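Subject: Structure handover

Hello,

Here is the structure I promised to pass on. Please open it alongside this note.

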Amino acid sequence: MDICCAQLGSVFEKPAANLARAEDAVKKAVAYGSDLIVFPEQYPTGWDPASSLSAEGREGPIAMEWCRIAEEYGAWIVGSHREQYGEKLLNTALLIGHDGVIHARYSKLHLFSPSGEDRLYSKGDAPVVFSCHGVSIGLAICYDLRFPELFRRYADVGAECIIVPAAWPCSRLKHFNLFLQSRAIENQFYVAGICSTGRTPVDHYCGGSMIVDPRGEILCRAGEDEALISAVIDPAVVHESRRLFPILKDRRQDIR
């Protein structure tokens, strides 16, 4: 399976403009041969832990536009947005199939309290694993990268690739890159991190999206500018890596 990371900057709080640009990215990625195209955290609006603008229910206009784009171009898409959840919101990523149907939904488990995300948002309640083109894929969002327990849980249930939409600022970009490689090496699976680029009123983003293989090798990496990068995800590489270097079986689960 070919995954494309669509590293784009958001026009702040302008979903229609951003989704039009997303459609163009999907069209190009499909022409290049990509099967699954993934976008940064809250790409339709830009990430803002204090904004509820354009928040919507489970089948709101942003979600339905992602579905239309996926069906029109015959692509699988991962896009995240602000989802209304009672009096609060969820930071939710959707997996949409080439049939235009939402196949999986993941809400961010770890909220970024240093910026007050926990004041407006509710935590998600479970990891999510799905199958796409024969690859078992898990979802995480941005700050989740700092919590290795989630990624080990994904390894335990057989995930072969983790997709991480993010809005990771320039000031901590080294952490983003380090965590992507660390989570891949620790668990011997692929990790694809997709980060925003450009400036919004919230922060400055420098891209750095990349896809890392189960051995920690960087298969592709973007710079600071907008870019489409892609790599082939091969489940056989995951299983061969674990066979040749079976570190997971040596884990001590009796330590508390």
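Below is what turned up, starting with the helices. Keep in mind that this is a predicted model.

Helices α1 and α2
The axes of α1 (residues 15-32) and α2 come within 10 Å. They cross at roughly 20°. Angles under 35 degrees count as roughly parallel, so α1 and α2 are roughly parallel to each other. Their crossing is right-handed. On the α1 side, the contact involves Pro15, Leu19, Ala22, Glu23, Val26, Lys27 and Val30. On the α2 side, it involves Ile62, Glu65, Trp66, Arg68, Ile69, Glu72 and Tyr73.

Aromatic pairs
The count comes to seven aromatic pairs. One of them joins Phe39 and Trp66. The centres are 5.0 Å apart and the planes stand at 45°, so the pair is tilted. Phe39 sits in the loop between β2 (36-38) and α2 (61-73). Trp66 belongs to helix α2 itself. Buried or exposed? Phe39 has a relative accessible area of 0%, so Phe39 is buried. Trp66 is also at 0%, and counts as buried. Elsewhere, Trp47, Phe112, Tyr143 and Phe147 form one aromatic cluster.

A hairpin
Strands β12 (residues 210-212) and β13 (residues 218-221) pair in the antiparallel sense, over three bridges. Met210 stands opposite Arg221 in β13. β12 and β13 form a hairpin, with five residues between them. Look at Gly216 in the turn: its phi is positive, about 90°.

Best wishes

Definitions and conventions. Residues are numbered from 1 along each chain as its sequence is written. This is a predicted model: local features need pLDDT of at least 70, side-chain atom pairs count only at pLDDT 80 or more; totals for chains, interfaces and linings use all residues. Side-chain values use heavy atoms; hydrogens and water are left out. Two strands pair if DSSP finds at least two bridges between them. Helices (H or I, at least four residues) and strands (E, at least two) are DSSP runs, numbered from the N terminus. Rings of Phe, Tyr and Trp (its six-membered ring) pair if their centres lie within 6.5 Å; planes under 30 degrees apart count as stacked, over 60 as edge-to-face and the rest as tilted. Buried means under 20% relative accessible area, exposed over 50%, partly exposed in between (1.4 Å probe, protein chains only). Axes are lines fitted to C-alpha atoms, for helices over the stretch in contact, and angles run from 0 to 180 degrees between N-to-C directions. Angles under 35 degrees count as roughly parallel, over 145 as roughly antiparallel, 65 to 115 as roughly perpendicular and the rest as oblique. A crossing is left-handed if the near helix is turned anticlockwise from the far one by less than a right angle, and right-handed if clockwise. Contact means heavy atoms within 4.5 Å.
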